[in-house]
Amino acid sequence: MPKQARPSTGEQARQHALAQLRQAILRGDMAPAQRLVENELAEQFGVTRASVRAALIELESEGLVERIRNRGSRVRVVTVEEAVAITECRMVLEGLCAAKAAVAVTDEQLTRLVDVGEAMSKAVADGEPVTYSDLNHELHALIRQFSGQQTAVELLERLNGQLVRHRFQLALRPGRPQKSLGEHLAMIEAIRARDPQAAEAAVRAHLSGVIDALRE
């Protein structure tokens, strides 16, 4: 089957390069400090260097890429202290989303949250940290979605993109899933009880634990 033609120039080409680069960084396919060579990326994505350069500028504004003087671009390295600062911001925004979700959530959405919680418990029991990490990401995304607070959602998506490497490393740390499972289940239970204050407190307690783990 022939490959679908991709635009090599213009706005569509920039968007294509941007989407491919962002996805590769967020998936961890490109490691922190990895050099991003415009010629190589242009050839890989079938676009011009100008399209790649424009995409890199956009990703720099998102905090995913950094430009080093006279050395070009690389995947941004997020230090532990930066990760802590970002997580402190997450505490406020995700706490808000959880409180909103506790008020706005439907019965169907509650069932979905409970199902994710049960799957997380199974992943811990089965010793599957990667599955647990994926479910962890899904749970937080669902709570943001169910909150209806689109401004907070957009801000969190930008912040969370910078924490991919740290979050994955935490998920693989021995004993971490077992410790955070109860925190996640408490978040679900507070939303299930439709208690916005308890939901916000549960998220803040969980992310406070994340900060402690980052500093260990």
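Biologist: Before we look around, what do buried, exposed and partly exposed mean here?

Modeller: Buried is under 20% relative accessible area, exposed is over 50%, and partly exposed lies in between. Please keep in mind that this is a predicted model.

Biologist: Thanks! Why is R192 called partly exposed?

Modeller: R192 has 47% relative accessibility. That value lies between the cut-offs of 20% and 50%, so R192 counts as partly exposed.

Biologist: And where does R192 sit, and which residues does R192 touch?

Modeller: R192 belongs to helix α9, which covers residues 176-192. Leaving aside residues up to four places away in sequence, R192 touches L110 and V114. R192 and L110 are 82 residues apart in sequence, while their C-alpha atoms are 6.3 Å apart in space.

Biologist: How do you know that C89 is in no disulfide?

Modeller: The structure holds 0 disulfides. For C89, the nearest cysteine sulfur is that of C97, 14 Å away.

Biologist: Lastly, what does UniProt list for residues 11-78?

Modeller: An unreviewed UniProt entry lists "domain: HTH gntR-type" there. In the model, residues 11-78 are 56% helix and 15% strand, with the end C-alpha atoms 29 Å apart.

Note on methods. Residues numbered from 1 in each chain as written. Predicted model: local features only at pLDDT ≥ 70, side-chain atom pairs only at ≥ 80, totals over all residues. Heavy atoms only, no water. Disulfide = S-S within 2.5 Å. Helix = DSSP H or I, 4+ residues; strand = E, 2+ residues; numbered from the N terminus. Buried < 20%, exposed > 50% of the residue type's maximum accessible area, 1.4 Å probe, protein only. Contact = heavy atoms within 4.5 Å. UniProt positions renumbered as here; feature names shortened; annotations may be inferred.
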